[in-house]
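Please read these notes beside the coordinates. They cover the overall fold and selected charged pairs.

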Amino acid sequence: MREIRRGNRVVRLSSEERVLFPTGETKGDLWDYYAAVAPAIVPHLKNRPFTMKRWREGVAGGSFFQKQAPKGIPDWLPTRQFQTAPREGGTRLVDFPLVNDELALLWMVQFHCIDMNAWYSRVDRPERPDFVVFDLDPPEEEGGFQAAATVAVLVRDALVEVGLQSRAKTSGAGGMHVLVPIERRSTFPEAHEFAERITRLLAARHPGVVTAEWLKAKRRGVFIDYHQNGHGKTIASAYSVRPRAVAPVSTPLHWDEVTPKLDDRAFSMAAVLERVERDGDLFAPVLDGGQKLAPALAEARRLTTDAEPPRRRPRRRRERPVSP
């Protein structure tokens with residue numbers, strides 16, 4: 001049985017030969033990858049409420065989400081309590097685990113987490129996101145990912161037009177994520193409005209290439225899901241393995257790599273470890289903030305005055321911190 005120790009803290013891996021992926025990758029393979037990539041991924045998870053997405057029987061057996069830290073969690077693994085609003089109504093208090101170091105990360109692997117999902121905000125300022133997310137979802141057809149790569153560049157250029165820099169990564173699930181690091185002063189509603197305005201601007205400029213249409217049957221082109229900008233929302237972190245064949249990784253990219261020739265299937269666990277060793281963490285700037293959203297939002301409003309975004313929003317699930 002493999003284990004890792006840090007002083008009196010220990011995490012042990014059981015069932016390391018269990019096959020998790022349809023292409024044969026095992027729980028031990030996943031453990032080895034996350035142990036090696038921990039210095040790059042942990043900063044993107046640290047001090048963020050973490051949602052466990054557990055695959056007890058591997059990818060073929062399906063998954064379930066678990067926000068509440070499970071019974072038996074080590075006393076050295078920190079949690080933070082927030083009030084949540086379940087879909088069935090009412091509210092409840094949830095103790096979210098925090099993946100603040102390598103041992104916590106590997107403990108999640110032992111508890112059958114394949115991809116690592118954390119909030120866009122940190123526990124000290126939960127109402128203030130660190131970044132705006134553009135989640136690019138291409139049509140499920142040949143060339144879909146290449147279409148997403150093309151639209152990612154359109155998003156980048158529109159952001160430059162309003163004065164912001166961005167970073168791109170593969171989603172690991174066939175699409176792309178473009179993240180805009182911002183100062184932790186803006187709210188989630190402001191981030192949502194900004195993402196919506198940029199999306200609708202691009203949809204108007206590039207009909208059939210970009211769409212903001214919620215209904216799949218009506219979509220033509222790559223859907224940009226700006227609704228992902230909400231309090232308590234999560235995406236698979238940079239360097240997360242995704243539950244698909246060949247165990248692909250959500251991989252940060254240089255912008256000059258984002259072309260229609262890009263193949264997201266090439267980003268295996270081994271390939272990503274080689275990239276990190278060579279280039280370091282390309283997504284480190286996402287954590288640095290430093291960009292003001294307010295002037296960019298004002299410019300986005302100016303550019304979209306002829307096509308005001310609708311006032312109606314999907315009902316957001318609020319998750320509020322509880323004072324210690």
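The points below go from the whole chain to single side-chain pairs.

1. This is a predicted model, in which local features need pLDDT of at least 70 and side-chain atom pairs count only at pLDDT 80 or more, while totals for chains, interfaces and linings use all residues. Residues are numbered from 1 along each chain as its sequence is written, and side-chain values use heavy atoms, with hydrogens and water left out.

2. The protein chain has 6 helices and 15 strands (DSSP runs, H or I of at least four residues and E of at least two, numbered from the N terminus). Buried residues account for 52% of its 324 residues (buried is under 20% relative accessible area, exposed over 50%, partly exposed in between; 1.4 Å probe, protein chains only).

3. There are 23 salt bridges, a salt bridge being a side-chain nitrogen of Lys or Arg within 4 Å of a carboxyl oxygen of Asp or Glu. One network of them links Arg2, Glu16 and Asp32.

4. Lys53 pairs with Asp115 in a salt bridge, with closest N and O atoms 3.9 Å apart. Lys53 is in strand 3 and Asp115 in the loop between helix 2 and strand 7, 62 residues apart. Both residues are buried.

5. Asp137 and Arg219 form a salt bridge at 3.7 Å between the closest N and O atoms. Asp137 belongs to strand 8 and Arg219 to the loop between strand 11 and strand 12, so the pair ties together parts 82 residues apart in sequence. Asp137 is partly exposed at 32% relative accessibility, whereas Arg219 is buried at 16%.
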